[in-house]
Amino acid sequence: MTLSACIDGVGLLGPGIRGWQHGAQILRGETPYVAAPSVVPPAECLPSAERRRTGTIVRLALAVGLEATTNALADPAVLPAVFSSSGGDGANCHEICQALAGTERALSPTRFHNAVHNAASGYWGIATGATPAANALCAFDASFGAGLLEALIQVQVEHRAVLLIAYDAAYPEPLFSERPIPDAFGVALVLAPAAGSTSLARLAVELSSAPAERMPQPALEGLRAAIPAARSLPLLARLAQQATQAVVIDYLEPNNLALRIEPCR
């Protein structure tokens with residue numbers, strides 16, 4: 001079975017990548033990639049009380065989601081959303097474990113409501129006023145592919161635009177030794193059933209046993225391999241090149257996802 005949708009807007013943020021326009025220039029080879037720590041902006045879209053409670057993972061999801069909806073000229077308040085992360089807020093998990101390992105074991109209630117895997121979707125609703133359904137899922141290293149499939153299924157079944165936000169952030173030690181995600185990376189796609197004024201390409205996806213493609217630049221391949229959300233980079237590279245192309249990205253072994261990207265204009 002083939003699933004398809006038009007990509008109306010993209011949001012992107014990662015190490016050395018400052019948004020979709022900058023990332024597209026890098027992926028087209030117009031601008032050299034210079035590795036640098038991710039700069040995740042403050043969540044100015046949230047009220048001050050909620051803004052103080054957010055960590056990197058929430059601010060990352062909000063930043064790329066808002067960039068994608070802005071680029072798509074879409075109202076985020078009316079879009080169903082799929083949030084996909086390989087592990088959620090590892091820094092917050094570390095703080096909870098550290099407190100529980102101590103003698104007092106005193107925890108702020110904020111730690112608990114930020115510990116749930118769908119915390120980013122809750123903050124998204126507060127920030128944008130969105131009331132449609134929002135799903136949060138996890139598939140370890142295949143989380144981007146799983147999120148993409150879920151969003152495409154919703155587009156096909158419900159015949160309406162859906163926002164996909166995939167994101168991961170660094171784990172502190174000692175968790176980092178077991179889950180070595182080195183930095184924050186987030187990508188968001190507004191997927192629509194038909195082409196519109198902002199549509200960049202039509203995407204068709206089906207399962208495949210072919211091997212997943214690697215990035216030709218060693219630094220970008222290192223990024224793709226190290227952060228689960230960055231498994232999206234081969235797709236984003238084809239999208240930035242705006243030509244009819246095919247690519248295979250990682251999913252759950254023994255299956256990968258074969259993608260075909262065709263420009264809408």
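The largest cavity in this predicted model has a volume of about 40 Å³. A cavity is a set of points, on a 1 Å grid over the protein atoms alone, where a 1.4 Å probe fits but cannot get out; grid points are joined across faces, edges and corners, and a volume is the space filled by probe spheres set on the points. By this rule the count comes to one cavity of 30 Å³ or more. Local features need pLDDT of at least 70 and side-chain atom pairs count only at pLDDT 80 or more, while totals for chains, interfaces and linings use all residues. Residues are numbered from 1 along each chain as its sequence is written, and side-chain values use heavy atoms, with hydrogens and water left out.

**Cavity and pocket**

- The lining of the largest cavity is formed by Ile57, Val58, Gly88, Asp89, Asn114, Val116, His117, Ala119, Ala120 and Tyr167; lining residues have an atom within 4 Å of a point.
- Helix H3 (56-71) and helix H6 (119-128) each contribute at least two residues to this cavity lining; helices (H or I, at least four residues) and strands (E, at least two) are DSSP runs, numbered from the N terminus.
- Six nonpolar, three polar and one charged residue make up the lining of the largest cavity. Here Ala, Val, Leu, Ile, Met, Phe, Trp, Tyr, Cys and Pro count as nonpolar, Asp, Glu, Lys and Arg as charged, and the others, Gly among them, as polar.
- The largest pocket has a volume of about 190 Å³; a pocket is an open set of grid points with protein on both sides within 12 Å along at least five of seven lines.
- Of the 15 residues that line the largest pocket, Gly55, Thr56, Ile57, Asp89 and Ala91 are the closest to its centre.
- H3, H4 and helix H5 (109-115) each supply at least two residues of the pocket lining, and the largest share, three residues, comes from H4.
- The lining of the largest pocket comprises five nonpolar, seven polar and three charged residues.

**Nonpolar cores**

- The largest nonpolar core has 52 residues, of which Trp20, Leu148, Phe185, Leu189 and Leu259 touch the most other members. Such a core is a set of buried Ala, Val, Leu, Ile, Met, Phe, Trp, Tyr and Cys residues joined through side-chain atoms within 4.5 Å.
- Helix H7 (residues 143-158) gives the most to this core, with seven residues.
- A second, separate core of 26 residues includes Leu13, Val58, Phe83 and Tyr167.
- Apart from its neighbours within four places in sequence, Leu189 is in contact (heavy atoms within 4.5 Å) with residues including Ile7, Phe144, Leu148, Val162 and Leu235.

**Helix H1**

- Helix H1 (residues 20-27) is largely enclosed by the rest of the structure, because six of its eight residues are buried. Buried means under 20% relative accessible area, exposed over 50%, and partly exposed in between (1.4 Å probe, protein chains only).
- Trp20, His22, Gly23, Ala24, Ile26 and Leu27 are the buried residues of H1, and they pack against strand E1 (3-14), strand E2 (17-18), H3, helix H9 (218-226) and H10.
- Gly29, which follows H1, has a positive phi near 85 degrees.

- Ser85 lies in the loop between strand E3 (81-84) and H4, and counts as buried at 0% relative accessibility.
- The side chain of Ser85 reaches the backbone nitrogen of Gly88 at 3.0 Å.
- Beyond its neighbours within four places in sequence, Ser85 is in contact with Ile57, His117, Leu137, Cys138, Ser143, Tyr167 and Asp168.
- Ala99 belongs to helix H4 (residues 90-100). Ala99 and Ala258 are 159 residues apart in sequence and 44 Å apart in space, C-alpha to C-alpha.

**Backbone features**

- A cis peptide bond, with omega about 5 degrees, joins Glu173 and Pro174; Pro174 lies in the loop between strand E5 (162-168) and helix H8 (175-178).
- The peptide bond from Glu253 to Pro254 is cis, with omega near 10 degrees, and Pro254 is in the loop between strand E8 (245-249) and strand E9 (256-263).
- Leu73, a residue other than glycine, has a positive phi near 55 degrees. Leu73 is in the loop between H3 and E3, and its 69% relative accessibility makes it exposed.
- Gln242 is not a glycine, yet its phi is positive at about 50 degrees. Gln242 lies in the loop between helix H10 (233-241) and E8, and counts as exposed at 52% relative accessibility.

Key
Polar contact = N/O pair within 3.5 Å; in protein donor to acceptor, adjacent residues only side chain to side chain.
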